[in-house]
Amino acid sequence: MTSILTYTFKNLPNASTWALRFSVRPLSCSSQLRAAPAAQTKSKKTLAKPNIRNIVVVDGVRIPFLQSGTSYKDLMPHDLARAALSGLLHRTNVPRDVVDYIIFGTVIQEVKTSNVAREAALGAGFSDKTPAHTVTMACISANQAMTTGVGLIASGQCDVVVAGGVELMSDVPIRHSRKMRKMMLDLNKAKTLGQRLSLLSKFRLNFLSPELPAVAEFSTSETMGHSADRLAAAFAVSRADQDEYALRSHSLAKKAQDEGLLSDIVPFKVPGKDTVTKDNGIRPSSLEQMAKLKPAFIKPYGTVTAANSSFLTDGASAMLIMAEEKALAMGYKPKAYLRDFVYVSQDPKDQLLLGPTYATPKVLEKAGLTLNDIDAFEFHEAFSGQILANFKAMDSDWFAQNYMGRKTKVGSPPLEKFNNWGGSLSLGHPFGATGCRLVMAAANRLRKEGGQYGLVAACAAGGQGHAMIVEAYPK
Amino acid sequence: MVASRAIGSLSRATASRMFRRPGYICRNFTGSSALRSRTHINFGVKGDVAVVRLNSPNSKVNTLNKELQSEFMEVMNEIWASDQIRSAVLISTKPGCFIAGADINMLASCKTHEEVTRISQEGQRMFEKLEKSTKPIVAAISGACLGGGLELAISCQYRIATKDRKTVLGAPEVLLGILPGAGGTQRLPKMVGLPAAFDMMLTGRNIRADRAKRMGLVDQLVEPLGPGLKPPEERTIEYLEEVAVNFAKGLSDKKISIKRDKGLVEKLTSYALSIPFVRQQVYKKVEEKVRKQTKGLYPAPLKIIDVVKTGIEQGNDAGYLSESQKFGELAMTKESKALMGLYHGQVLCKKNKFGTPQKEVKDLAILGAGLMGAGIAQVSVDKGLKTILKDATLTGLGRGQQQVFKGLNDKVKKKALTSFERDSIFSNLTGQLDYQGFEKADMVIEAVFEDLSLKHRVLKEVEAVIPGHCVFASNTSALPINEIAAASKRPEKVIGMHYFSPVDKMQLLEIITTDKTSKDTTASAVAVGLKQGKVIIVVKDGPGFYTTRCLAPMMSEVLRILQEGVEPKKLDSLTTSFGFPVGAATLVDEVGVDVAKHVSEDLGKAFGERFEGGNIELLKEMVSRGFLGRKSGKGFYIYQEGVKTKNVNSDMDGILASLKVPPKYGVSSDEDIQYRLVTRFVNEAVMCLQEGILATPTEGDIGAVFGLGFPPCLGGPFRFVDLYGAQKIVDRLRKFEAAYGKQFTPCQLLIDHANSANKFYQ
């Protein structure tokens, strides 16, 4: 009974604010919003569902995302994660003993800290009574961390969860070859000198050749950039379009950085180095400069280059997720609701990076929204070519009918609402940490630019994808 | 029954689309020839690049037939004459095929070697024009680029190929007993180097695009694309064209060089081959190897070496002249007629004459995980059939599953599959000891031990669990299918599917129908066989069907010859020098002495006197001593793991001595021995046709060559009768009949052919 009451109570002001806002909005809108009439009225006033707890983001932070091999290069992954966690504690002032659970996403695991969530939490000032686990799902690992937290709260197991992600590409585990490892393990077991010598006699020089972490999809042995280039070709995305999109991402990121919009960043005092306060991968160039670059994957005629791909990045992010009543009880003013989400997967060879295309219509349908209801799109930009190919796929009835089993296309997101504060191409993409950045960017944009619904979508290795609706918390 | 490597290699390449006869329609141009409507070629211009798109109508493949050639030259002349065009791209819009080769019928219709030589010279002239073109021509290759197609491609200035499984390049002419006759023998060595060129032309093997790139046969690769705004295949061709157009522009603007960077090894080899002495050694070595392998039975490989040598040592003009002349000579040889006949036969036996089955087989169950059962499973799972492999014991099942896995894993090692593809293919296989899941099976193939009562038992067990539409197929080499079907409630669903061991290597599948087998059951069995990649002959039921029945009299003769004191090694060399890929004594060892005994007893009972010859005691004695052939380590020879050279089993001497019979005078020369074996085989084959066991001579030839290793250079028993002369064979049979009696009595059909000069092939 009480819960029903709270819902109605909460939804009322919510609805009225929106009605108000929308009556004003068309005036301030530029003419480029051709879909304006449809956007005026939302398909749904809110996505709150009866008998399901509302889950809110209280706040989220990230340390600056840096190109790998720069200021973070001597640290370990849990150092970055710890910095993000401390930053979150500092930003939210959440009492450490209310946090029920901590979940982190990561992709390339440091073997020593395979449960990096726990190692980071221990040193970050959280209670050692708070359990923590680590999840991995390629580039949507942090999304998986968040949705795992959502699940724990929705099912009533927890009230307060910290979710985040971390990636340190400056250092990756390089292993001995399997043969060498086998010999070393056997040596460990060998009891007599004779046994040891006979094992050692089998040593060959090629045992010493190291094993680098695979940069390729395990199932197909194809690198992601190669797949992206083929994807761009399949959708006939030109090199010029890709460069132009990349330039847009960098310019918007630069603008957002200069205007101080990237408020999720917390400074990080790197031991022995200066305090890092901003992302260092934003570098708006010119189309002429970009056109000079040679293709990075399909040589010599491909279209994906270093300039229109996301770069290797170090970084970490964290966010505080709570059941709405808990947040309110603690006196917080949440930033956004986390609403419906989906995970999708498809052929890892030819559709590796089409996750957003598959996930977007699905999540919209689930939420009962249309593309026009969305005010802020935050898509993960793995490659310019990938984003533009996804646009074309989403805008194609043929693709929807032949590959997605849908009657019609969902439509491509209007560019003026799309990744307005930059994206992974310019801000950087620490694999495990990007998810939280996307959600915070959507939440912060809704607050800043106005609007109710944000859509977060991302592709991931393995041919997987994710999308989530973020609803602005009424002011 | 026995793997024949020579055939294996022949069949592998022929199986691919080379020279596949298109629905070749002779177009009568009723209208004026000035009409510019082209049927094979679509020609457009992108900027200053001409794009020539090939696509022959009403055919699965493009072949270099007369019309395509003339349209092509017409277009090329237009391109060369145009001021606006600076370069050209040559591409095929036919899915899976660039150009599959020259039109084989063009050769078949020639009466003299001069005519063939002229065809070759026309081709040479056409490709020379391409080679000398001042406007760069880029061949954009997607799909099969074989024979004449390859010769065309290597005449162009630049080659770009799609890196997919369908894109293969090769010079398979040798497999048809001819040589690359449009400049291929001259250009290929210059392009890929002498050793690689010899390898390509002498084996006829298909080369995948990635390997072709490494060899320098193609300059660039284009990755196949996935789904976009169009079907992937369509967009991939479009993309290939876009890439090729850019390269063509680059070439005409001199931004791209056609020179290729050679690796160190390549540089060293080409340096070594610039020394005449080294070259002579290479020729000598290759020739020795060819002579050893072909035993002088195949003229084409030697001529290829000769032509290449002429070109390199005496210059282009001499080379081209020699190429066209030798091409003409070869096309007129019996060997080439035999091989082309086999090729046509193979194409025919890759079709389902019985129509589409009512229900497609998707779930297959195999009983018995022995060598055969597991082999059948292996060729089924990799074609996407959900397969249950059932055995009576866990050890037997485990062995079978391992065989399937190993077969797939070997492909991974050869990079024909990725480890992921292997795993997902292997997941199509379910190993089990019970009949769970049989209620969903569309077809059950039993490969249990060759024992009638056991086959009856499993048939009854299976019929209790399978659905009504399910086909029951028996893999047996000799048990009559109607006897097996006698235990069935639904004999119309019972059929014989006789696979040959090793199943994954041997191409033949002999399907046996009884009077009661329904047409739909046959259609279903043929459809499954085709899916498994088999060449199929469909024969009537009878003791030994076709293949086993032909082999039995020959085997009987083998025993007699051994009894007459011919050493196993000598016998082997006599048979291999006649063209059999495996010697006769070795063949007995490979088949298994117990199996041979079993079969000759059964068929001896069924056919009586005609199947007599050697004393079956010889086999019985061998079985009792445990000399079962390769599988027991001893037979006529001794087999040891890891030992390559075969040693004669000296313990056989006693057995042979005790059964020795004196050789008969006048019929025991080396040649007589060869013909005693072959004529008994041929006579029995013709009798199978006479009795209606075989429906067509073609199937008889295909069955004999692909299942039993009948010499491919003779084209099969029926082609052999046609080419050698029925009368001569009857004469030989009569001579042997005089010495040995009824076993050599020529059958009526053979006598008719001898008297009337009728031929099996018109």
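This is a predicted model: local features need pLDDT of at least 70, side-chain atom pairs count only at pLDDT 80 or more; totals for chains, interfaces and linings use all residues.

Reader: Is strand 1 of chain A, residues 55–62, largely enclosed or open?

Author: In general, the side chains of a regular strand alternate between the two faces of the sheet. Here, eight of the eight residues of strand 1 of chain A are buried, that is, under 20% relative accessible area, so the strand is largely enclosed by the rest of the structure.

Reader: Which strands pair with strand 1 of chain A?

Author: Strand 8 of chain A (residues 313–323) pairs with strand 1 in the antiparallel sense over seven bridges. Strand 9 of chain A (residues 336–345) also pairs with strand 1 in the antiparallel sense, over two bridges. Val57(A) illustrates both pairings: Ile321(A) stands opposite Val57(A) in strand 8, and Ala336(A) is the bridge partner of Val57(A) in strand 9.

Reader: What area is buried between chain A and chain B?

Author: The size of an interface is often given as the accessible area lost when the parts come together. Between chain A and chain B this area is about 1,600 Å², with 65% given by carbon and sulfur atoms. On the chain A side, Ala234(A), Tyr301(A) and Trp398(A) lose the most area to chain B, together 35% of what that side buries.

Reader: How many salt bridges and polar contacts does the rule find across this interface?

Author: The rule finds zero salt bridges, but three residue pairs in polar contact. Helix 8 of chain A gives the most to the side of chain A that touches chain B, with four residues. The residues of that side divide into eleven nonpolar, four polar and four charged.

How values were computed:
Residues are numbered from 1 along each chain as its sequence is written. Chains are lettered from A and ligands numbered from 1 in the order in which they are written. Side-chain values use heavy atoms; hydrogens and water are left out. Buried means under 20% relative accessible area, exposed over 50%, partly exposed in between (1.4 Å probe, protein chains only). Two strands pair if DSSP finds at least two bridges between them. Buried area is the accessible area (1.4 Å probe) that two parts lose on being put together, summed over both. A salt bridge is a side-chain nitrogen of Lys or Arg within 4 Å of a carboxyl oxygen of Asp or Glu. A polar contact is a pair of N or O atoms within 3.5 Å; within protein, one must be able to donate a hydrogen and the other to accept it, and residues adjacent in sequence count only if both atoms are side-chain atoms. Ala, Val, Leu, Ile, Met, Phe, Trp, Tyr, Cys and Pro count as nonpolar, Asp, Glu, Lys and Arg as charged, and the others, Gly among them, as polar.
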